[in-house]
Amino acid sequence: MGMTVVEKILARASGLHAAKAGDVLEPKVDLAMSHENAALVINQFLEIYKDTGLEPRVWDSSRVAIIFDHRVPAESPKTATNQKKVRDFVARHTISKFHDIRGDLGGICHQILPESGYVRPGAVVVGTDSHTTSHGALGAFAFGIGATEMASVWTLGHAVNVEVPATIKVEVHGSFRPMVGPKDLILRLIGLLTAQGANFRVIEFHGETINTMPTSGRLVICNMSVEAGATSGIVPADGETLQYLREEAGVKDPVDPVLPDPDAAYEKVISIDVSTLEPQVACPHTVDNVKPVGHVLGKRINQVVIGSCTNGRLDDLATAAAIVRGKKVAQGTRMLVFPASGRIYQRALEQGYIADLMRAGAVVMNPGCGPCLGVHEGALGDGEVALSTTNRNFKGRMGNPQSEVFLCSPAVAAASAITGVITDPRTGGA
Amino acid sequence: MAQVVYCIGDDISTDVIYPGRYMATVLPSETPQFAFADDAALNAKLKAKQIPPGSIILAGSNFGCGSSREQAVSTLKGYGLTIVAKSIARIFLQNAINLGLPLVVAPDLTAAEGDDLVIEKDRIINTTTGSSSRIEPLPPARQAILDAGGLIPYTRKILLQRAHATTT
């Protein structure tokens, strides 16, 4: 029996010829990513070394990445002190893949890693962030772990006791209709699978819709695979991946894609035809509460958020800018835009997208996680409703349990910002 | 024997267990104050120590879904709570094992607030209703981390073995 992508990656990283779902392995880690929660990882790392008589030492400082994005610039003295502690650690351990709060090299970790060329097909990537699943878009096996597990990886250079996950194959066919795209696909899939339908499993994406999807879209679907419980989403690397790595990420050395065997063993196969797919909206308070936009038209919204590790990329900003160009954000509605990285922000400036958005009334914030997880900017008032291109709508997610969050694509979000109510971008406010 | 002090539904996210706005607080000695912070009544009960250590929170399926934040585990551990759930989301389950938060997966259990449960090796007995349900065993690899007392001592042991091997 052949192997899936994750079976091949984990076998190789564990020095084996073969692996199958259920095997327990200790794969070497190619990249270990943290954000501000590196402060907690450092605590746990020093705790491991306590009373050992050994000098604390990261196993390979070139394989550790730390990106500040959750609270940038710091919103409190406590955060600023945590960030300072991480900076001191980075200097002492000569960690080179460190992205501080900057307009050139800064941004959200799940954009910085791909655009900096840190993620390669076939790599094992761990991150102290559940949306580390994003990096499967480049054909890596990338999964979220807790801070203590990261401290263990920093110490040993491998993950301990990793059970090889079973794989669900998702075949996607057809062409998206205008104003419908990867976000609608992944919301639809989460609705089908439910929030726990892929728990302890990997989702491997195939089909002509995926083959013709740019890396930015693949990042969206892999990012949100975790919302169906998946350990990771994976798009097997192809020509698009290699082109992205060379042209966007500046990767010059050889890349070695890992592809599934034709007779790989999948736990199940799901087929989706997107040619009739409508724009989708995830309603409060779970991500799997997904409905076609037509079911929630006219819902009054107080705040629109466009950005995040899910939908803060250049094509997302281009879509939003094209929809609001020459129009005005509705009275009583706030529109907040968070580009995913400094690089994207600069390109959006060059392309005129930022001017389009601001002239329409949007507030363009610095790259970062922003209001997505309710720690920084853009809090909601009691009883307020947000429509957001982010990835979670759990109760209290944006900082106020007395508020509601609906999730959607940049097209739905931008069209709705103009009308002040949830709107189908194909018909606008008409 | 331990009492079910709170029943909570399916898909309880780490945003509910430990809201994101408190994530700058990382020390296990400080995280318990924010346990279920958006559920004012439950949070107040916990902080007033009205819930004795060893008490059980009974959850539905997919408990701990969402963020990988470890504070969601340390905040519960701080009160000595035990989690019994129909199923548990992957990262939360691994974090709980790594930090030593007691948890039991019992897919078929039915119990209500106030019921007393006895947790045995492979089954859980509801002494209030007299019913018994199976416990899903942890994979052996995860059990090894629990047996070591958590991932920190587990990793420290490997670290010392390696250091010893290179010096001898």
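In this predicted model, 24 Å separate the centres of domain 1 and domain 2 of chain A, taken over C-alpha atoms. Domain 1 of chain A spans residues 5-272, and domain 2 spans 281-419.

The two domains touch. On one side, 33 residues of domain 1 of chain A make contact; on the other, 27 residues of domain 2 of chain A do. Three helices of chain A each give two or more residues to the domain 1 side: H4 (109-115), H6 (182-193) and H8 (215-223). H6(A) gives the most, with 6 residues.

Next, the core. In soluble globular proteins, nonpolar side chains tend to be buried together. Here the largest nonpolar core has 184 residues. Leu10(A), Val324(A), Leu357(A) and Ile83(B) have the most contacts inside it. Take Leu10(A). Leaving aside neighbours within four places in sequence, Leu10(A) is in contact with Ala19(A), Leu25(A), Pro27(A), Phe141(A), Val162(A) and Val164(A).

Now a helix pair across the two chains. Helix H5 of chain A (residues 147-156) meets helix H6 of chain B (residues 151-167): their axes come within 10 Å and cross at roughly 5°. An angle under 35 degrees counts as roughly parallel, so H5(A) is roughly parallel to H6(B). From H5(A), the contact uses Thr148(A), Glu149(A), Ser152(A), Thr155(A) and Leu156(A). From H6(B) come Leu151(B), Ile152(B), Thr155(B), Ile158(B) and Leu159(B). By class, the residues of this H5(A)–H6(B) contact divide into 5 nonpolar, 4 polar and 1 charged.

Methods: Residues are numbered from 1 along each chain as its sequence is written. Chains are lettered from A and ligands numbered from 1 in the order in which they are written. This is a predicted model: local features need pLDDT of at least 70, side-chain atom pairs count only at pLDDT 80 or more; totals for chains, interfaces and linings use all residues. Domain bounds come from an automatic or database domain assignment. Two residues are in contact if their C-beta atoms, placed from the backbone, lie within 7 Å. Helices (H or I, at least four residues) and strands (E, at least two) are DSSP runs, numbered from the N terminus. A nonpolar core is a set of buried Ala, Val, Leu, Ile, Met, Phe, Trp, Tyr and Cys residues joined through C-beta atoms within 7 Å. A residue is buried if 20 or more other C-beta atoms lie within 10 Å of its own, exposed if 12 or fewer, and partly exposed in between; C-beta atoms are placed from the backbone. Axes are lines fitted to C-alpha atoms, for helices over the stretch in contact, and angles run from 0 to 180 degrees between N-to-C directions. Angles under 35 degrees count as roughly parallel, over 145 as roughly antiparallel, 65 to 115 as roughly perpendicular and the rest as oblique. Ala, Val, Leu, Ile, Met, Phe, Trp, Tyr, Cys and Pro count as nonpolar, Asp, Glu, Lys and Arg as charged, and the others, Gly among them, as polar.
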